[in-house]
Amino acid sequence: PSQVNKSCNLIQEVWEENSSAYLDAMVSLKILPIEKSSLHIVYTNLHGTGLHLTQKLLNRWGFEKITLVDGQTTLDGTFPTVTYPNPEEVESLKMGIKTLEHVRGDLLIAQDPDADRMRAVCMHKGKPYILNGNQLASLLLYHIVTHAKLPKRGLCIKTIVTTELLKRIAEDHN
């Protein structure tokens, strides 16, 4: 792309201005005032695009203790460390869980290569506990409704395949 850009000026790179605007918008979504968190996060981008912005966002939210999963941070469309680069597949979490245990971290965040899906693994009683999508959604919704300033007629929308727990949490918090 840079050669094309130099030779015919058809491509304009807007990475820095767009990523700065995105980070500014995301920082405003932080619910709890965290100056500096002792939470130790292990992160993997599974060879995808999420590393740059996710690490910056976590730092701006006050999470400073972040360990990257060694061997999975390079952008590589062949995804050499996983059979299938989907965090919903437990196999893709193996290196991250191993790192989580090794560094005695608190939380593993794994994003798929285009960073639109994620999975979390937390340490519970000294063992990794893999959260499924419904569990993670329930925890996030509960956190939002108990800590965020919500509009009077706020909504929670779920699909038919999503846990009914979301409906209960939303109803319990009006």
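Student: Quick one to start: is Lys125 buried or exposed?
Tutor: Lys125 counts as exposed, because its relative accessibility is 77%. Exposed means over 50% relative accessible area, buried means under 20%, and partly exposed is in between, with a 1.4 Å probe and protein chains only. This is a predicted model, so local features need pLDDT of at least 70 and side-chain atom pairs count only at pLDDT 80 or more, while totals for chains, interfaces and linings use all residues. Residues are numbered from 1 along each chain as its sequence is written, and side-chain values use heavy atoms, with hydrogens and water left out.

Student: Where is Lys125, and what is its phi?
Tutor: Lys125 lies in the loop between S4 and S5. Its phi is near 55°, a positive value in a residue other than glycine. Helices (H or I, at least four residues) and strands (E, at least two) are DSSP runs, numbered from the N terminus.

Student: Where is Leu46, and what about its phi?
Tutor: Leu46 has a positive phi of about 45° although it is not a glycine. You'll find Leu46 in the loop between S1 and helix H3 (51-60).

Student: Is that one buried or exposed?
Tutor: Leu46 counts as buried, because its relative accessibility is 0%.

Student: OK, Gln111 next. Which residues does Gln111 touch?
Tutor: Leaving out residues up to four places away in sequence, the residues that Gln111 touches include Leu46, Tyr43, Thr54, Pro87 and Arg117. A contact here means heavy atoms within 4.5 Å.

Student: Which side chain makes a polar contact with Gln111?
Tutor: That is Tyr43, whose side chain pairs with the side chain of Gln111 at 2.3 Å. A polar contact is a pair of N or O atoms within 3.5 Å; within protein, one must be able to donate a hydrogen and the other to accept it, and residues adjacent in sequence count only if both atoms are side-chain atoms.

Student: And where does Gln111 sit, and why does it count as buried?
Tutor: Gln111 is in strand S3. It counts as buried because its relative accessibility is 12%.

Student: Switching to helix H4. Which residues there are buried?
Tutor: In H4 (residues 94-102), Gly96, Ile97, Thr99 and Leu100 are buried. Looking down the axis of H4, these buried residues fall within an arc of 160°, so they line one face of the helix. That arc is taken from the directions from the helix axis to the C-beta atoms.

Student: What is on the other side, and what covers the buried face?
Tutor: Lys94, Lys98 and His102 are exposed on the other side of H4. The cover over the buried residues of H4 includes strands S1 (41-44), S2 (66-68), S3 (107-111), S4 (118-124) and S5 (127-131). Just after H4, Arg104 takes a positive phi of about 55°.

Student: Zooming out, how many helices and strands are there?
Tutor: The chain has six helices and five strands, in the order α-α-β-α-β-α-β-β-β-α-α along the sequence. Buried residues make up 30% of its 174 residues.

Student: What are the spans of the C-alpha trace?
Tutor: Along its principal axes, the trace spans about 60 × 40 × 35 Å.

Student: Last one: where is Ile144, and why does it count as partly exposed?
Tutor: Ile144 is in helix H5 (residues 133-147). It counts as partly exposed because its relative accessibility is 35%.
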